[in-house]
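Subject: Handover of a structure for your review

Dear colleague,

The findings follow directly after it.

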Amino acid sequence: MDPLDRVVKPKTKRAKRFLEKREPKLKENTKIVMLIKGGNANLMVTEVLKDIYAVKKPFAVLYRKKNITRPFEDQTSLEFFSKKSDCSLFLFGSHNKKRPNNLVIGRMFDYHVLDMIELGVEKFVSLKDVKNSKCPEGTKPMLIFAGDMFDVNEEYRRLKSLLIDFFRGPTVPNIRLAGLEYVLHFTAVDGKIYMRSYKVLLKKSGCKIPRIELEEMGPSLDLVMRRTHLASDDLYKLSLKQPKALKPKKKKNISHDAFGTTYGRIHMQKQDLGKLQTRKMKGLKKRPAEKAAEDSGVSPKKSKSA
């Protein structure tokens with residue numbers, strides 16, 4: 001029996017809070033990333049992991065010791081670390097002659113590997129190489145994806161979903177204009193993925209809306225896709241399943257168009273148009289014979305035409 005699967009009864013209040021934090025919730029906690037260095041990681045891969053850790057703090061765990069594992073061949077060690085540190089996302093870095101400067105980005109579902117994609121680093125500019133001001137720790141980034149491949153190719157589409165999951169950060173109820181100061185831009189073109197980081201500068205424009213300038217901040221990566229391990233459609237659909245309590249209740253007689261405009265249908269009681277008040281005109285007045293016939297319930301005789 002796996003020691004991490006055994007039923008543990010808390011003996012202290014601190015242990016009880018720890019176990020309650022890991023229990024299933026309707027609204028899950030912010031996903032935490034674990035950054036793992038392989039047994040043969042070189043200096044470039046180590047610097048990439050450190051920079052991603054600096055971008056993701058405080059929602060990241062960096063393992064500084066080398067771990068001899070191959071994610072595409074044996075995933076037990078990744079699942080062990082995921083359960084130990086309660087992380088659902090991972091980035092594994094390694095280097096060898098066949099696959100130099102290698103990164104494996106992936107995510108977990110129920111502490112098992114859901115999907116992972118292997119990326120090769122062809123060019124890297126570190127945070128410390130760019131001599132500009134940096135964003136504060138824990139800043140939530142704005143994510144921009146450019147390139148038709150992110151919408152056409154299934155592997156690139158899954159990579160886009162994985163990158164959004166990886167960098168999105170905590171869910172916030174409100175947005176402050178001054179807090180929009182960090183941009184992550186991903187471009188897919190000619191079989192490569194370009195990752196760039198920018199700091200947003202709000203300049204005076206002479207009106208209420210400020211003028212926006214982007215200043216490169218780092219890190220920046222030129223990546224190429226290598227191997228992929230994608231979950232089956234059934235398993236992927238199961239991982240996206242939401243509890244019934246979170247599903248929005250369907251409202252009757254309300255519809256939306258392509259632009260998001262809300263339309264409502266109102267049901268009214270049947271109206272008697274015979275009693276509708278119209279404009280008073282001599283030609284619309286009823287004759288005395290018609291009024292008497294309506295009171296007695298007999299239809300009036302029509303006058304013979306000449």
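Predicted model: local features only at pLDDT ≥ 70, side-chain atom pairs only at ≥ 80, totals over all residues.

Leu201 stands opposite Glu213 in strand 9.

Strand 8 and its partners

Strand 8 (residues 192-203) also pairs with strand 7 (residues 182-189), in the antiparallel sense and over 8 bridges. Within that pairing, Phe186 has Met195 of strand 8 as its bridge partner. The hairpin formed by strand 7 and strand 8 has 2 residues between the strands, and Asp190 takes a positive phi near 55° there.

A further antiparallel pairing joins strand 8 to strand 10 (residues 220-229) over 4 bridges. Strand 5 covers residues 112-125.

Which residues make the nonpolar surface patch of about 380 Å²? The patch is formed by Leu177, Leu202, Ile212 and Leu214. Of these, Leu214 lies in strand 9. Leu214 counts as exposed because its relative accessible area is 51%, and the threshold for that class is over 50%.

Backbone geometry

Several backbone values may be of interest when you prepare the model for calculation. As a point of reference, most residues other than glycine have a negative phi, and most peptide bonds are trans.

Two cis peptide bonds are recorded here:

- Lys57 and Pro58 are joined by a cis peptide bond with omega of about 5°. Pro58 is in the loop that connects helix 2 (43-56) and strand 2 (60-67).
- Gly218 and Pro219 are joined by a cis peptide bond with omega of about 0°. Pro219 is in the loop between strand 9 and strand 10.

Positive phi values occur at two aspartates described here. Asp86 has a phi near 55°, a positive value in a residue other than glycine, and it lies in the loop between helix 3 (76-85) and strand 3 (89-94). Asp190 likewise has a positive phi of about 55° although it is not a glycine, and its place is the loop between strand 7 and strand 8.

Are these two aspartates buried or exposed? Asp86 is partly exposed, because its relative accessible area of 27% falls between the limits of 20% and 50%. Asp190 is exposed, because its relative accessibility of 74% is over 50%.

Lys140 and its contacts

Lys140 is located in the loop between strand 5 and strand 6 (142-146). With a relative accessible area of 31%, Lys140 is partly exposed. Leaving aside neighbours within four places in sequence, Lys140 is in contact with Arg168, Gly169, Pro170, Val172 and Tyr182. For one of these, Pro170, the C-alpha atom is separated from that of Lys140 by 7.4 Å, although the two residues are 30 apart along the chain.

The chain as a whole

The secondary structure of the protein chain comes to 7 helices and 12 strands. The chain has a radius of gyration of 32 Å, whereas a compact globule of 306 residues would have one near 19 Å. Along the principal axes, the C-alpha trace spans about 110 × 60 × 40 Å.

How much of the chain counts as buried? The share is 30% of the 306 residues. The accessible surface comes to about 22200 Å², and carbon and sulfur atoms account for 54% of it. Among contacts between residues at least 6 apart in sequence, 66% join residues at least 24 apart.

With kind regards

Note on methods: Residues numbered from 1 in each chain as written. Heavy atoms only, no water. Pairing = 2+ DSSP bridges. Patch = residues over 30% accessible without salt bridge, like charges linked within 9 Å, V, L, I, M, F, W, Y side chains within 5 Å. Areas by Shrake-Rupley, 256 points an atom, 1.4 Å probe, with all protein chains shown as cover. Salt bridge = Lys/Arg side-chain N within 4 Å of Asp/Glu carboxyl O. Buried < 20%, exposed > 50% of the residue type's maximum accessible area, 1.4 Å probe, protein only. Rg over C-alpha atoms; globule rule 2.2 N^0.38 Å. Contact = heavy atoms within 4.5 Å.
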